[in-house]
Amino acid sequence: MEKPSASSAIPCVIAHRGASGHAPENTLAALRKAAELGAIWVEFDVMLSRDGWPVLMHDDDLARTTDGRGPLAEMSLSQLRELDVGRWFSKVFAGERIPTLKEALAALAELGLGANIEIKPTPGRETETGHTVAAYLAEAWPSNLPQPLLSSFSREALAAARGVAETAPRALLVNRVPSDWHARLIELDCGALHCNHRFLKREKAAEVQEAGYSLRCYTVNSAARARMLFDWGVDGVFTDYPDRLRSFV
Ligand code: G3P
Ligand code: MG
């Protein structure tokens, strides 16, 4: 089996939303769990509170992963901090709070974890979110860690991030690899494409690789599937269970 590119400092296994198979996603507990399970990098999602604070959250709506409800974008940071983001997963995690990006960076620095930070704008706030997150990272990224990788499904957010942090490595997120993937990466000056492994074909993986871009896949929770993707030349996978893919690290 070909090992993914050694030229990149980014490892071939990245814990998705922290170790989200073992701890509530996008929490400090999930970041800690990822480090405990041997992950070197984590991915997490960042969106903005009503008052513009970057916080870790995947869904626009609070209902699935908190004891609140309604759109996150309508809540201030202080309102968001009242919510419990652990109990839905297990009562063991009751009392976990939505982390701010600042708290997440402090945890990464303490744990020595690298990160792919996914810019996840709520609808209508694409440029603001890309700009805010990239500007904050440019200022506050811990000096003991490798440079972070920024990614987004939103072209507007990526363009805004580029505007404030031109040299920060960036990846475009897609579900299926579109036919115009190359033009999109050129337009946004991205060095990597992140796609859903379910729709990836071997030929498409080769096409991306041959054009000189990094290719990573989400969300891969089986070692057999990871092995197949690495055989296709995929550079990395996002997994909820970094422990299952430990043999690749
Ligand atoms: O960044 C990889 C993956 O997290 C993208 O999808 O929906 O899990 O944020 P999602
Ligand atoms: Mg994500």
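## Basis of the values

This is a predicted model, in which local features need pLDDT of at least 70 and side-chain atom pairs count only at pLDDT 80 or more, while totals for chains, interfaces and linings use all residues. Residues are numbered from 1 along each chain as its sequence is written, chains are lettered from A and ligands numbered from 1 in the order in which they are written, and side-chain values use heavy atoms, with hydrogens and water left out.

## Surroundings of ligand 1

The shell around ligand 1 (residues with a heavy atom within 4 Å) consists of His-16, Arg-17, Glu-43, Asp-45, His-58, Glu-118, Lys-120, Phe-153, Leu-173 and Tyr-218. By class, this shell holds 3 nonpolar, 2 polar and 5 charged residues.

Oxygen atoms of ligand 1 lie 2.7 Å from an N or O atom of the His-16 side chain, 2.7 Å from one of Lys-120 and 3.1 Å from a polar side-chain atom of Asp-45. Of the 290 Å² of accessible area that ligand 1 has on its own, the protein covers 92% (Shrake-Rupley method, 1.4 Å probe).

## Magnesium site

The magnesium ion (ligand 2) is coordinated at 2.0 to 2.1 Å by Glu-43 (OE), Asp-45 (OD) and Glu-118 (OE); donors are N, O and S atoms within 2.8 Å of the metal (3.2 Å for Na, K and Ca), and water is not among the atoms, so sites may look incomplete. Along the chain, the donors follow the spacing E-x1-D-x72-E.

Glu-43 counts as buried because its relative accessibility is 3%, and Asp-45 is buried at 0% (buried: under 20% relative accessible area, 1.4 Å probe, protein chains only).

The whole structure contains 1 cavity of 30 Å³ or more (on a 1 Å grid over the protein atoms alone, a set of points where a 1.4 Å probe fits but cannot get out).

Key:
Polar contact = N/O pair within 3.5 Å; in protein donor to acceptor, adjacent residues only side chain to side chain. Nonpolar A, V, L, I, M, F, W, Y, C, P; charged D, E, K, R; others polar. Buried < 20%, exposed > 50% of the residue type's maximum accessible area, 1.4 Å probe, protein only. 1 Å grid on protein atoms, 1.4 Å probe; cavity = no way out; pocket = protein on both sides within 12 Å on 5 of 7 lines; lining within 4 Å. Points joined across faces, edges and corners; volume = space filled by probe spheres on them.
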